[in-house]
Amino acid sequence: MSTHAKRERLLLADLLEAAGPDAPTLCEGWRTRDLAAHVVVRERRPDAAAGSVVPALKARLERVQAEFAEKPYEELIQLLRTGPPKLSPFTIKQVDEGANVVEFYVHAEDVRRAQPDWSARELDPVFSDALWSRLERSARLLGRKAPVGLVLRRPNGQTTVAHKGTPVVTVSGEPGELTMFLFGRQDSAKVSLDGEQEAVDRLHETKQLGI
């Protein structure tokens, strides 16, 4: 049976391939070629990928990612589609699911939603539950710099606190949309925000959500 991560990987590869190397994405400053290079470096060059969390290694990450972006675009897509090298921990199903489900989902939507004619993708209930489960575990990390109190609510009434504080804004939507919002894609997330208008505006405009 295909895992969520594997399915999202193949979808992302297909979307990048169809869009071509110079299409826009929701990642500021990145075209599709840059996004493809980022994903490939992340799982094939851990020595460089650590720069996303270790400031001292940031320059190395940028250099290696730029080198990968210079590769033929078709090669990048194939590297993404075939997955990590044999000795990579990402080859372990549990690691792949834990690390890549949200990564590939968000980046697939980064490609889709950068197009002017995009429409919301209907997710199956099992996948929605998987995204919600990950939101519950990571919400406080992703929302730690929110300028206001932040609560996430899905349509079935389940909630999770992403940031304690006042005033409080409640963001309601499907788990996939809440994921996009909490990863800093507020303008492209189909959610509703409930709270004091000033607090809602501050949350919608902040650049501090996400990793």
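Colleague: What should I know before reading the numbers?

Modeller: This is a predicted model, where local features need pLDDT of at least 70, side-chain atom pairs count only at pLDDT 80 or more, and totals for chains, interfaces and linings use all residues. Residues are numbered from 1 along each chain as its sequence is written, and side-chain values use heavy atoms, with hydrogens and water left out.

Colleague: Which domains does the chain have?

Modeller: The assignment gives domain 1 (3-114) and domain 2 (138-205). Such bounds come from an automatic or database domain assignment. The C-alpha centres of the two domains lie 26 Å apart. Nine residues from domain 1 and nine residues from domain 2 make the contact (heavy atoms within 4.5 Å).

Colleague: How do I read a pocket?

Modeller: Rolling a probe the size of a water molecule over the atoms shows where empty space is left. On a 1 Å grid over the protein atoms alone, probed at 1.4 Å, a pocket is an open set of points with protein on both sides within 12 Å along at least five of seven lines; lining residues have an atom within 4 Å of a point. A volume is the space filled by probe spheres set on the points, which are joined across faces, edges and corners.

Colleague: What is the volume of the largest pocket?

Modeller: About 1,800 Å³. It has 49 lining residues, and the closest to its centre are His-107, Phe-183, Arg-185, Gly-210 and Ile-211. H6 gives the most to this lining, eight residues. Helices here are DSSP runs (H or I, at least four residues), strands are E runs of at least two, and both are numbered from the N terminus.

Colleague: Why does the largest pocket lie where it does?

Modeller: Domain 1 and domain 2 both give residues to its lining, so the pocket lies between them. By class, the lining has 20 nonpolar, 16 polar and 13 charged residues. Ala, Val, Leu, Ile, Met, Phe, Trp, Tyr, Cys and Pro count as nonpolar, Asp, Glu, Lys and Arg as charged, and the others, Gly among them, as polar.

Colleague: What about the second largest pocket?

Modeller: Its volume is about 190 Å³. Of its 13 lining residues, Lys-6, Arg-9, Pro-84, Phe-90 and Asp-96 are the closest to the centre. H1 (4-19) gives the largest share, three residues.

Colleague: How do I read a helix pair?

Modeller: Two packed helices are described by the angle between their axes and the distance between the axes. Here H6 (residues 93-112) and H8 (residues 175-182) pack at about 85°, with axes 11 Å apart. That makes H6 roughly perpendicular to H8 (65 to 115 degrees; under 35 is roughly parallel, over 145 roughly antiparallel, the rest oblique). Axes are lines fitted to C-alpha atoms, for helices over the stretch in contact, and angles run from 0 to 180 degrees between N-to-C directions. Tyr-105 and Glu-109 are among the H6 residues in the contact, and Met-180 is among those in H8.

Colleague: Where is the cis peptide bond?

Modeller: It joins Thr-166 and Pro-167, with omega about -10°. Pro-167 lies in the loop between E2 (159-163) and E3 (168-172).
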